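Good morning, colleagues. I would like to take a few minutes on aromatic contacts and then on pockets. Please have the structure open as I speak.

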Amino acid sequence: MASSKVVVLVVPLLVMSFCMVSCWGGNFNKDFQITWGDGRAKILNNGNLLTLSLDKASGSGFQSTNEYLFGKIDMQLKLVPGNSAGTVTAYYLSSKGATWDEIDFEFLGNLSGDPYILHTNVFSQGKGNREQQFYLWFDPTADFHTYSILWNPQRIVFSVDGTPIREFKNLESAGVPFPKNQPMRIYSSLWNADDWATRGGLVKTDWSKAPFTASYRNFNANNACIWKNGRSSCKSSSSWLSQELDSTGLQRLRWVQKNYMIYNYCTDKKRFPRGFSIECNRS
């Protein structure tokens, strides 16, 4: 009897383990291309893991095979551990050209024991300056965590492990540009930015700790519109295309912004004396 119980328990665990790797549906060999780094970026474990490395000579990066116009996109990252000061791990969506659109996650490294800064930004028609920065409520170097972008015609929501941290609404009716017409690829890179990344450039990269490595797994773009040959793969009936934050999501968003936001362009009167009253008051 005891052995049959063990079998019953083990089978679900095996299914769960398998799903942690494969049920998300992404494969780095199929979904991404390494674009630079001269061997410092590696796809491992049959396409289920990707690593980027940085040393004094170079960083590294990759981009998605597909372009997307709207989507719910998830990626699990484990950031550079230890003394990561001066390094930046960037994970973002971007189009091309002089009037590009972009949706940014950037992780600014720090000295051992000091927290990472999660830097977010939204560009539309080549204009950004919409930075919001956060500390995280966990150590992002100890394990993988899920960083998500929900991008639909009404809003952009940045989330961490399912908790929304930022919402950028479509306020085109009030004259605020919103990314909605340009397909974007996913990009990620690990690079040296010690002229600004840590304490405004006061703390430099300690190259004795190199190589620095960030890891990626469980990419999921099953709910995203692939843009190919001028056409979208999505049906207008897809529920996430009109998804918005419910009352629980709004409560969690307010909790993060109250306790973990450390910079908000909306309140930076020195940098923006004229302010952003429309988008900031309605966001």
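In this predicted model, a search of the whole structure returns 22 aromatic pairs. Take Phe28 and Phe32 to begin with. Their ring centres are 5.5 Å apart and their planes meet at 40°, so this pair is classed as tilted. Are these two residues buried or exposed? Phe28 has 2% relative accessibility and therefore counts as buried. Phe32, with a relative accessible area of 3%, is buried as well.

My next pair is Trp137 and Trp255. Here the ring centres lie 5.6 Å apart with the planes at 70°, and because edge-to-face requires an angle over 60 degrees, the pair is edge-to-face. Which parts of the chain does this pair tie together? Trp137 sits in the loop between strand 9 (132-134) and strand 10 (145-152), while Trp255 belongs to helix 3 (residues 247-259), so the contact links parts that are 118 residues apart in sequence. As for accessibility, Trp137 is partly exposed at 27%, and Trp255 is partly exposed at 40%.

Let me return to the phenylalanines. Phe28 and Phe32 belong to one aromatic cluster together with Phe62, Tyr216 and Phe219.

The largest pocket holds about 300 Å³ of space. Its lining comprises 15 residues, and those nearest its centre are Gly128, Arg130, Gly275, Phe276 and Glu279. What is the make-up of this lining by class? Six residues are nonpolar, five are polar and four are charged.

Thank you for your attention.

Methods: Residues are numbered from 1 along each chain as its sequence is written. This is a predicted model: local features need pLDDT of at least 70, side-chain atom pairs count only at pLDDT 80 or more; totals for chains, interfaces and linings use all residues. Side-chain values use heavy atoms; hydrogens and water are left out. Rings of Phe, Tyr and Trp (its six-membered ring) pair if their centres lie within 6.5 Å; planes under 30 degrees apart count as stacked, over 60 as edge-to-face and the rest as tilted. Buried means under 20% relative accessible area, exposed over 50%, partly exposed in between (1.4 Å probe, protein chains only). Helices (H or I, at least four residues) and strands (E, at least two) are DSSP runs, numbered from the N terminus. On a 1 Å grid over the protein atoms alone, a cavity is a set of points where a 1.4 Å probe fits but cannot get out, and a pocket is an open set with protein on both sides within 12 Å along at least five of seven lines; lining residues have an atom within 4 Å of a point. Grid points are joined across faces, edges and corners, and a volume is the space filled by probe spheres set on the points. Ala, Val, Leu, Ile, Met, Phe, Trp, Tyr, Cys and Pro count as nonpolar, Asp, Glu, Lys and Arg as charged, and the others, Gly among them, as polar.
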